[in-house]
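The following paragraphs lead the reader through a structure, from its overall plan to particular residues. Please keep the sequence and the model in view while reading.

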Amino acid sequence: ACEGGRRVTLYRTLSDGSSEPVGSTTSASSGKWHITVSGSAGISMSKFFAKAKRRSEGTAGTIYVCDRARSQTVASQR
């Protein structure tokens, strides 16, 4: 229940250790998502990670909570 329809934000790690959001999307029912980053210098040499915020949904008796999530940091594939 927590994978589909989840708002995912992609961040780029900057050289000073901070991060900046570069795009966001909503995950498919399978939990898969895709963001194409373009238009910024240095994207090919950057590192990225994704975050999904904590979310709770449902009605009385069937409320579920989706914990926040953060991916591992990965280098650009280009």
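Helices (H or I, at least four residues) and strands (E, at least two) are DSSP runs, numbered from the N terminus. The model is a predicted one, in which local features need pLDDT of at least 70 and side-chain atom pairs count only at pLDDT 80 or more, while totals for chains, interfaces and linings use all residues. Residues are numbered from 1 along each chain as its sequence is written, and side-chain values use heavy atoms, with hydrogens and water left out.

The chain contains zero helices and seven strands, giving the pattern β-β-β-β-β-β-β along the sequence. Of its 78 residues, 24% count as buried, a term that means under 20% relative accessible area, with exposed over 50% and partly exposed in between (1.4 Å probe, protein chains only).

V8, L10, I35, V37, F48 and A50 form the largest nonpolar core. β1 (7-13) and β3 (47-52) are the elements that give two or more residues to this core. Such a core is a set of buried Ala, Val, Leu, Ile, Met, Phe, Trp, Tyr and Cys residues joined through side-chain atoms within 4.5 Å. Leaving aside neighbours within four places in sequence, I35 is in contact (heavy atoms within 4.5 Å) with V8, L10, G23, S24 and T25.

The loop between β2 (19-26) and β3 holds S46. Is S46 buried or exposed? S46 is buried, because its relative accessible area is 8%. Residues up to four places away in sequence not being counted, S46 touches R12, V74, A75 and S76.
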